[in-house]
Amino acid sequence: MHARDTAVEVRNLTVTYGPETALRNLTVDIHGGCISCILGPSGCGKTTLVQTMLGLVSPLSGTVTMLGKRVHSLEREEISDLLANVGVTFQHGALFGSRTAGENVAAPLRTRTDLDEDTIQSIVEVKMALVDMQHAVHRYPAELSGGQQKRVGIARALALDPDLVFFDEPSAGLDPVTADDLDELIEDLNAELGATFVIITHEVRSAVRISDRIIFLDDGNVRESGTVDEVLHSDDRKVRRACTVGFAAILLLP
């Protein structure tokens, strides 16, 4: 996928949970080959947006087109085939505790492909090396630090060589040094693999540091979207303040 392509196109998306509206007529594009951060305070709709992109939540109205497919018009098997080309990492790693790191990375290969075991093991070694965890193939998650578990989670998300990868709060729960190292890894992987990376985060510093583009959500809609420089110099005072000093400082702003 080239940077000029659109990996995900969201148009007029509205999502409700009972009487509550989570997303309000939201329209946004995810540019191919880039790192895009979906940035915003807790409860602004970040997770709902990604879950709707992935077909896990059905919208009240609007459309999501991902990798050229209209997500919510697909049959279940078609969605499954589409998601085989999408990687997802989870906020707390979500590794299988009873399986080694290598077995966790092998899981999608065993589920989604007919590859022989030798080939699977070779791919596992490559993916673990990509995230600098080749030494931990035979270790269990409980034997790994939080940052190491997240690296293994990334290796698992990359196992099938997806064109599109979602990262859910990758630096959550990590100390600043480990979080910076993970940011650097994500940047390096994006440059090396050329895949489209979408990061859900409320960490302004991380978003500004590694993003090509930022999508700033607030109250279920896009308040600002563009390159990092465009968002940092937004005409919207709330967006500028959030990107300068973080979300805690904007709670009193209208």
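User: Hi! Is the crossing of α3 and α4 right-handed or left-handed?
Analyst: Hello! In this predicted model, the crossing of α3 and α4 is right-handed.

User: Which residues make the contact there?
Analyst: From α3 come Ala101, Gly102, Val105, Ala106, Leu109 and Arg110. On the α4 side, Glu117, Ile120, Gln121, Ile123, Val124, Lys127 and Met128 take part.

User: And how does that contact of α3 with α4 split by class?
Analyst: Eight of the residues are nonpolar, two are polar and three are charged.

User: What angle do α3 and α4 pack at?
Analyst: About 120°, with the axes 9 Å apart. Helix α3 covers residues 101–112, and helix α4 covers residues 117–130. The two helices are therefore oblique to each other.

User: What about α3 and α5, at what angle do they cross?
Analyst: Roughly 25°, and their axes come within 8 Å. Helix α5 is made of residues 146–157. That angle is under 35 degrees, so α3 and α5 count as roughly parallel to each other. Their crossing is right-handed.

User: Which residues meet in that one?
Analyst: Ala101, Asn104, Val105 and Pro108 in α3 meet Val152, Ala155 and Arg156 in α5. By class, the contact of α3 with α5 has five nonpolar residues, one polar and one charged.

User: Switching topic: what order do the strands of the sheet come in?
Analyst: The order is β2-β1-β4-β5, four strands in an open sheet with antiparallel pairing. Strands β2 (20–31) and β5 (69–70) are at the edges with a single partner strand each, so one side of each has no neighbour in the sheet.

User: How many bridges join β4 to β5?
Analyst: Two bridges, linking β5 to strand β4, residues 61–66. Thr65 has Arg70 in β5 as its bridge partner.

User: Which strands does helix α1 lie across?
Analyst: Helix α1, residues 46–53, lies across β1 (6–17), β2 and β4. Its direction is at about 115° to β1.

User: Is Ile186 buried or exposed?
Analyst: Buried: the relative accessible area of Ile186 is 0%, and the cut-off for buried is under 20%.

User: What is Ile186 in contact with, leaving aside neighbours within four places in sequence?
Analyst: Ile186 is in contact with Ile35, Ile154, Phe167, Pro170, Phe197, Ile199 and Ile210. As for Arg151, 35 residues away along the chain, its C-alpha atom is 9.7 Å from that of Ile186.

Conventions. Residues are numbered from 1 along each chain as its sequence is written. This is a predicted model: local features need pLDDT of at least 70, side-chain atom pairs count only at pLDDT 80 or more; totals for chains, interfaces and linings use all residues. Side-chain values use heavy atoms; hydrogens and water are left out. Axes are lines fitted to C-alpha atoms, for helices over the stretch in contact, and angles run from 0 to 180 degrees between N-to-C directions. Angles under 35 degrees count as roughly parallel, over 145 as roughly antiparallel, 65 to 115 as roughly perpendicular and the rest as oblique. A crossing is left-handed if the near helix is turned anticlockwise from the far one by less than a right angle, and right-handed if clockwise. Contact means heavy atoms within 4.5 Å. Ala, Val, Leu, Ile, Met, Phe, Trp, Tyr, Cys and Pro count as nonpolar, Asp, Glu, Lys and Arg as charged, and the others, Gly among them, as polar. Two strands pair if DSSP finds at least two bridges between them. Buried means under 20% relative accessible area, exposed over 50%, partly exposed in between (1.4 Å probe, protein chains only).
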